[in-house]
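Here is a set of questions and answers for a careful first reading of one protein model. Please look at the sequence and the structure before going on.

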Amino acid sequence: MYKRQSPGSTILVKLLNRLNLKLNDVIINDENVKNEQILDQADKLSMNYKHNDVLKLLEQIKEPKIKEQLTHYQFLKTDAKMWETRNYDDAIFGFNQLLLLHNEDIDIYTILATCELGVAYGQKKDTDKSNFYFDQTVTLFNQFDINKNVFWSLLIIDNLAMYFSNNNNSKKCLEFINVGLKLAKKYGVANFVDSFFYLNGEVLEERGDHEDAIKKMLCAW
């Protein structure tokens, strides 16, 4: 007879990711489950821009042993610190460190880190470096299944749409706006919909389509 064994934590997390499940859907009273629950809570706080609360919540986590959780943790902590302190140099170091540690694994958090590097350099008015990381974000994002993590996918789409809008590339901006609106409608997610409509209105106004621009602005409002 074969001896039955439970999968190790790393294998279990990978299986759950494939099945689009969370650890706490299948097991209880495990440190990895507690970490996953804290990270989920931190996601929700981050979604509502409560960056100081994110940092306080993450203090409950010792550095995760599971690679997927570690990437998630490192992204949330670096991102929250960036927006809480506006210290873009430290954020750039933190995001680059995350990418170096996980350079063989492309997941939503490594794509987010790449995107936020574009944002950070944009805040520093370093256009060339900002363009480089946004171009990298587009390449990586095109390889990712946006249905796996809807909120973070919408955040990336919103940042890319704003990036192309700021660079006067209305065609690419509208492409990402349409992808974002379609994804938001599919899953009934309101996040960023106002931003998509507002950007759409700006593009239409620049094209001289004043009437339709007003309609999009009213949708955003």
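Q: Which residues is Leu154 in contact with, leaving aside its neighbours within four places in sequence?
A: This model is predicted, and contact here means heavy atoms within 4.5 Å. Once the neighbours within four places in sequence are left aside, the residues in contact with Leu154 are Gly180, Leu183, Ala184, Val189, Asn191, Phe192 and Phe196.

Q: Is Thr137 buried or exposed?
A: Thr137 is found in helix α7 (residues 127-141), and, with its neighbours within four places in sequence left aside, Thr137 is in contact with Ile111, Thr114, Cys115, Ile156 and Leu160. A residue counts as buried under 20% relative accessible area. Because the relative accessible area of Thr137 is 0%, Thr137 is buried.

Q: Are helices α10 and α11 roughly parallel or roughly antiparallel?
A: The axes of helix α10 (residues 193-206) and helix α11 (residues 210-220) come within 8 Å and cross at roughly 165°. Angles over 145 degrees count as roughly antiparallel, and therefore α10 and α11 are roughly antiparallel.

Q: How many residues of the contact of α10 with α11 are charged?
A: The crossing of α10 and α11 is left-handed, and the contact includes Asp194 and Glu202 of α10 together with Asp212 and Lys216 of α11. The residues of this contact divide into seven nonpolar and three polar, while the number of charged ones is five.

Note on methods:
Residues numbered from 1 in each chain as written. Predicted model: local features only at pLDDT ≥ 70, side-chain atom pairs only at ≥ 80, totals over all residues. Heavy atoms only, no water. Axes fitted to C-alpha atoms, helices over the stretch in contact; angles between N-to-C directions. Helix = DSSP H or I, 4+ residues; strand = E, 2+ residues; numbered from the N terminus. Parallel < 35°, antiparallel > 145°, perpendicular 65-115°, else oblique. Left-handed = near helix turned anticlockwise from the far one by under 90°. Nonpolar A, V, L, I, M, F, W, Y, C, P; charged D, E, K, R; others polar. Buried < 20%, exposed > 50% of the residue type's maximum accessible area, 1.4 Å probe, protein only.
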